[in-house]
Amino acid sequence: MLDSDFYRGRRLRRSPGIRALVRENEIRPADLVMPYFVVETDDSGFRKPIGSMPGQFQLSLQELEKQVGAAVKNGLQAVLLFGIPKEKDELGSQAYADEGIVQEAVRRLKQAFPELVVITDVCLCEYTSHGHCGIVQKGGEILNDPTLDLLARSALSHVRAGADMVAPSDMMDGRVLAIRETLDENGFSGVPIMSYAVKYASAFYGPFREAAESTPKFGDRKTHQMDPANSREALREAEADLAEGADILMVKPGLPYLDIVRQLRDGFDTPIAVYNVSGEYSMVKAAAANGWVDEERMVMEMMTSFKRAGADIILTYFAEDVLKWLNK
Ligand code: PBG
């Protein structure tokens, strides 16, 4: 039998150098966005570990600045902020308060790190007493259209504080348009929207809800977040958000939805983001803590899978770690 009779794929796997030459996807520091949880508190040293997300913390403004400062030194270029207010109410009024915790965090970070891309999550669930993403009617229905104004006001307050980009995660219909119009009317037509366009009603958000203290007090999010069984619907959601003015489309969660990332990549020319969510993080952490898996290799393989599926941007709680590993 001649060598040429069959495909010898191993020729290009012979050495690290050859493998590097033919490698198709690579993680760049600029691809990564690190989420942070900032708490409204009088204790400037507040730094509370999130039990279900080892290595992640709820942070005071001061601690946030320290944490981000260290990450920026390692090459972090973008953050996503979640706020946890002191007081929650029916209408989530701290979400759109000019002196709210996220607004303060934006001001502080932009002051300390002008080059850092500060993105804010726009949603009501961390700010409402019932933990839902919108206004709740008697009987428990989450009202769509009345919620849009509150989301738009939230986005505007973030941008006024200096946010570089807003990321609506609520999954109300029409919210991208409402936010776009409000930003434009107020002189912020240059500020991009990264839409959580395709967001599934997922069990993988469990640990986040501890971190953000946003577990719904009753019911669930299935009347607005997508059914995990659907993919054609994902394309409709993406089309709608683009038509409403989204600049970047996000898929969330990440790993169980790589097929959706690929479909969006093939179907649209906009940048695609993927959110490697809390449950995906906690699974790896739990297995690694038991010594069952090699955390670094597993995480880098996950990150590579996002790029291979077609994502440009990766939102991940591993961002700080990945930067350290890339710098080695
Ligand atoms: C809603 C929001 C959620 C996440 C990001 N934005 C939670 C939810 O929809 O219940 C989840 C992120 C994660 O699990 O890491 N504001």
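## Overall fold

Of the chain's 328 residues, 54% are buried (under 20% relative accessible area with a 1.4 Å probe, protein chains only). This is a predicted model: local features need pLDDT of at least 70, side-chain atom pairs count only at pLDDT 80 or more, and totals for chains, interfaces and linings use all residues. Residues are numbered from 1 along each chain as its sequence is written, and side-chain values use heavy atoms, without hydrogens and water.

The chain holds 11 helices and 12 strands. These are DSSP runs numbered from the N terminus: H or I of at least four residues for helices, E of at least two for strands.

## Size and contacts

The radius of gyration, over C-alpha atoms, is 20 Å, which agrees with the value near 20 Å for a compact globule of 328 residues (2.2 Å times the number of residues to the power 0.38). Along the principal axes, the C-alpha atoms fill a box of roughly 75 × 45 × 40 Å.

Residues 24 or more positions apart account for 74% of them.

## Helix 4 against helix 5

Helix 4 (residues 145–161) packs on helix 5 (residues 175–185) at about 45°, with axes 9 Å apart. The crossing is right-handed (near helix turned clockwise from the far one by less than a right angle).

Helix 4 contributes Leu148, Leu151, Ala152, Ala155, Leu156 and Val159. They meet Arg175, Ala178, Ile179, Thr182 and Leu183 of helix 5. The contact residues divide into 9 nonpolar, 1 polar and 1 charged.

Definitions and conventions: Axes fitted to C-alpha atoms, helices over the stretch in contact; angles between N-to-C directions. Contact = heavy atoms within 4.5 Å. Nonpolar A, V, L, I, M, F, W, Y, C, P; charged D, E, K, R; others polar. Buried < 20%, exposed > 50% of the residue type's maximum accessible area, 1.4 Å probe, protein only.
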